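Here is a short report on helix packing. Look at the fold first, then read on.

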Amino acid sequence: MADVLPSRDPYDDGDTGSAGRHPTAEVGRSPEAALERLTELVREARSVVALTGAGISVPSGIPDFRSPGTGMWESVDPMEVAHIDAFRSDPVRFWRFYGERFATLRDKQPNDAHRALVEMERRGLLDGVITQNVDMLHRRAGTRELVEVHGSIATCSCPDCGEQATLERARALMAADAEGVPRCGGCGGPLKPDVVLFGEYLNASEIERARRLCEGAQVLLCIGSSLEVHPVAGLPLVTREAGGAIAILTQGRTPLDDLAEVRLDGDVEHELRALADALAGSTPAPR
Ligand SMILES: [Zn+2]
């Protein structure tokens, strides 16, 4: 299977491909049949890994900022305001925006899709979760092997001296500061949330952990991700090149749809619950 990479640029949205070009592309399979096929793939795989994006948190009430007209992202351009340059040049404005984001995310709870993945992991049917989300919902649900490639809002750090503060501490510091900026207890500089802002590089060791998980995966479940943000978008290709299969559970098209062994685009909570239930009683394939 290592040689079935697409001949065209996989990120080119223009051409949906023609019959016969992508040997594993499914044609006209019903959601029930797709779920059945997915269950079979997961049951037989020695290693299953999940890669999640904003779509898995939408049922928890966290809007995907890529969807137009949703909540706080409506009036601002996140590329501009959540950019590392914005943090450096105007921390007051940055924190006015990010403080609101903290407040929005603080009380959100994991949903059944997060919980279904935890159940699969506990039964030995899932080796890890790689997430693009910074909302801590996989942690809160109880996922153990978790790679947060874009960081998380759990902590803030001082870019100058490295001092770290928890989310709660950062919120207390913000409330106590006249300008609403959480300031470092050591040097007084503005703290930065430990998330990868626009214009920043991903943490190299985290992306390497993610790459290794994807390389070892016989099945990669791509859940709620448009698979458009690099370098995360390239991870499914790592699985494919190593001979594994990709399953895409995401609403709307992705550039890798034609490479997916299974494609589901319904309610992500319903789909993952159905998968976990169908796997109940399954023991992991020998490793
Ligand atoms: Zn400092």
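A crossing is left-handed if the near helix is turned anticlockwise from the far one by less than a right angle, and right-handed if clockwise. The model is predicted: local features need pLDDT of at least 70, side-chain atom pairs count only at pLDDT 80 or more, and totals for chains, interfaces and linings use all residues. Residues are numbered from 1 along each chain as its sequence is written. Helices (H or I, at least four residues) and strands (E, at least two) are DSSP runs, numbered from the N terminus.

Axes are lines fitted to C-alpha atoms, for helices over the stretch in contact, and angles run from 0 to 180 degrees between N-to-C directions.

| Pair | Angle | Axes | Crossing |
|---|---|---|---|
| α1 (residues 31–44) and α10 (residues 268–279) | roughly 50 degrees | within 10 Å | right-handed |
| α5 (residues 112–122) and α10 | about 25 degrees | 8 Å apart | left-handed |

Angles under 35 degrees count as roughly parallel, over 145 as roughly antiparallel, 65 to 115 as roughly perpendicular and the rest as oblique. So α5 and α10 are roughly parallel. In contact (C-beta atoms, placed from the backbone, within 7 Å), D112, A113, A116, L117, E119 and M120 of α5 meet V268, E269, L272, R273, L275, A276 and L279 of α10. By class, nine of these residues are nonpolar, none polar and four charged. Nonpolar means Ala, Val, Leu, Ile, Met, Phe, Trp, Tyr, Cys and Pro; charged means Asp, Glu, Lys and Arg; the others, Gly among them, are polar.

α1 and α10 are therefore oblique to each other. On the α1 side, L35, L38, T39, V42 and R43 make the contact; on α10, E271, A274, L275, A278 and L279 do.

Conventions: Two residues are in contact if their C-beta atoms, placed from the backbone, lie within 7 Å.
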